[in-house]
Amino acid sequence: MTARELAADALAGDPVAVRAMRRAGRALGVAIASATHLCDLGLVTVGGGLAQAGEPLFGPLEEALREHARMGFARDIEVLPAALGQDAGLVGAAALHLAADRYWPT
């Protein structure tokens, strides 16, 4: 089963898929809240196969994020699906490779 199929099943109301998406969304929300406290992030994008899942993922994600964001700046974070969807990681890795000298000078 692909992430896209799981998201479609959750949107269709399949109880197992709904629970799986809720669990994934809540885990991401807690992780993003933690990262935001450490790094003072203003925007987080979610890429990969679940990036376009919509409400089944982002609803629980937002709920958990708001529950765990303790500092004011962390409550203001915006979480969006990556515009590149499943290709976000690949494009980011390629960009990092092409610009490596700017990040890790030799």
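Student: Which residue's side chain does E63 join through a polar contact, and at what distance?

Tutor: A polar contact is a pair of N or O atoms within 3.5 Å, where within protein one must be able to donate a hydrogen and the other to accept it, and residues adjacent in sequence count only if both atoms are side-chain atoms. Here the side chains of E63 and R22 are joined by such a contact of 2.7 Å. This is a predicted model, in which local features need pLDDT of at least 70 and side-chain atom pairs count only at pLDDT 80 or more, while totals for chains, interfaces and linings use all residues. Residues are numbered from 1 along each chain as its sequence is written, and side-chain values use heavy atoms, with hydrogens and water left out.

Student: Where does E63 lie, and which residues is E63 in contact with, leaving aside its neighbours within four places in sequence?

Tutor: Helices (H or I, at least four residues) and strands (E, at least two) are DSSP runs, numbered from the N terminus, and E63 belongs to helix α3, residues 55–68. Contact means heavy atoms within 4.5 Å; with those neighbours left aside, E63 is in contact with R22 and R26.

Student: How is the burial of a residue such as I32 read?

Tutor: Buried means under 20% relative accessible area, exposed over 50%, and partly exposed in between, with a 1.4 Å probe and protein chains only. I32 therefore counts as buried, at 8% relative accessibility, whereas E63, at 35%, is partly exposed. I32 lies in helix α2, residues 15–39, and beyond its neighbours within four places in sequence I32 is in contact with V44, L61, L65, I77 and V79.

Student: Which residues have the most contacts inside the largest nonpolar core?

Tutor: In soluble globular proteins, nonpolar side chains tend to be buried together. A nonpolar core is a set of buried Ala, Val, Leu, Ile, Met, Phe, Trp, Tyr and Cys residues joined through side-chain atoms within 4.5 Å. The largest one here has 16 residues, and those with the most contacts inside it are M21, I32, F58, L61, L65 and V79. Two or more residues come from each of α1 (3–11), α2, β1 (43–46) and α3.
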